[in-house]
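Subject: Structure handover

Hello,

Here is the structure I promised to pass on. My notes on it follow below.

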Amino acid sequence: MEFSSKFLENAVYEISQLPGIGKRTALRLALHLLKQPEEQTSRLSGALENLRSQIKFCKNCHNISDVELCEICSNPKRDTTLVCVVEDIRDVMAIENTGQYRGLYHVLGGKISPMECVGPQDLTISSLVDKVKNGMVNELIFALSSTMEGDTTNFYIFKQLEGLSVKTSTIARGIAVGDELEYADEVTLGRSILNRIPFENSMKAS
Ligand SMILES: [Zn+2]
């Protein structure tokens, strides 16, 4: 692709680094931005700037937050002894949208995946185990996708918790094997969390 401007070329290059965006789409977006009022582009670059510099991770659940303790963890109406283990913030948003869950979350930051070089140490597993060891949790609900990586992660954590007194369950009904959690509809996901089953039983079933 030949560019008449280095600035345009740089913008296209940076935009094309985003997932799912090829050079052509990047060029279309860059030209679109050029046509917009300057304030709009400034707002976009400001928002991206803040996304990296201002956002924090909740010190309790590792969810993305603007403050040290996220809104969910600091809400006195939530049951702090019930913790739902999820991969990332999209799962928190999906479960929150159901309006069915009143406990807290623990955001792992991904799932164990040897293919993508993600090991247990890359996730927030040790902080979860510490939470359980400190006696802060009565029940853990595993709500990872029912993919091989999700199952591996579930099982790894389950092993780490051996001998600790905590009830473990896994979301069940309605989530098909191989489904990513964020794509489940709200009613199905809401029902799965209410009808969760003990983790041991889920292993026998599969
Ligand atoms: Zn939190």
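Start with helix α4, residues 89–98. In this predicted model, Asp91, Val92, Ala94, Ile95 and Thr98 of α4 are buried. Why do they sit on the same side of α4? They cover an arc of only 165 degrees around the axis, and that places them together on one side. The general rule behind this is that an α-helix has 3.6 residues a turn, so residues three or four places apart point the same way. After α4 comes Gly99, with a positive phi near 70 degrees.

**Cores**

The largest nonpolar core has 20 residues. Which of them touch the most other members? They are Cys84, Val86, Ile95, Tyr101 and Tyr105. At least two residues of this core come from each of β3 (79–86), α4, β4 (103–107) and α7 (186–194).

Tyr105 deserves a look of its own. Beyond its neighbours within four places in sequence, Tyr105 is in contact with Cys61, Ile72, Arg78, Val83, Cys84, Val86, Val92, Ile95, Glu96 and Lys131.

**Zinc site**

Which atoms hold the zinc ion on the protein side? The donors are the SG atoms of Cys58, Cys61, Cys70 and Cys73, lying 2.3 Å from the ion. The arrangement is tetrahedral, because the angles between the four donor atoms run from 106 to 116 degrees. For reference, the ideal angle for four tetrahedral donors is 109.5 degrees. Along the chain the donors are spaced C-x2-C-x8-C-x2-C. Cys58 and Cys73 link distant parts of the chain, 15 residues apart. Cys58 is in the loop between β1 (56–57) and β2 (64–65). Cys73 is in the loop between β2 and β3. Both Cys58 and Cys73 are buried. Cys61, another of the donors, is also one of the contacts of Tyr105.

**Salt bridges**

The structure holds seven salt bridges.

- Glu87 and Lys111: their side chains meet at 3.6 Å, N to O. Glu87 lies in the loop between β3 and α4, and Lys111 in the loop between β4 and α5 (125–133), so the pair ties together parts that are 24 residues apart in sequence. Glu87 is buried, with a relative accessible area of 6%. Lys111 is buried too, at 17%.
- Glu68 and Lys59: the side chains meet at 3.6 Å, N to O. Are these two residues buried or exposed? Both are exposed.
- Lys159 and Glu162: the side chains meet at 3.1 Å, N to O. Lys159 is partly exposed, with a relative accessible area of 41%. Glu162 counts as exposed, at 52% relative accessibility.

**Whole chain**

The secondary structure comes to eight helices and seven strands. The chain has 206 residues, and 38% of them count as buried. How many of the contacts between residues at least 6 apart in sequence join residues at least 24 apart? The share is 56%.

Best wishes

How values were computed. Residues numbered from 1 in each chain as written. Predicted model: local features only at pLDDT ≥ 70, side-chain atom pairs only at ≥ 80, totals over all residues. Heavy atoms only, no water. Buried < 20%, exposed > 50% of the residue type's maximum accessible area, 1.4 Å probe, protein only. Helix = DSSP H or I, 4+ residues; strand = E, 2+ residues; numbered from the N terminus. Arc of directions from axis to C-beta. Core = buried A, V, L, I, M, F, W, Y, C linked by side-chain atoms within 4.5 Å. Contact = heavy atoms within 4.5 Å. Salt bridge = Lys/Arg side-chain N within 4 Å of Asp/Glu carboxyl O. Donors = N, O, S within 2.8 Å, 3.2 Å for Na, K, Ca; no water. Tetrahedral: all angles 85-135°; square planar, octahedral: opposite > 155°, others 65-115°.
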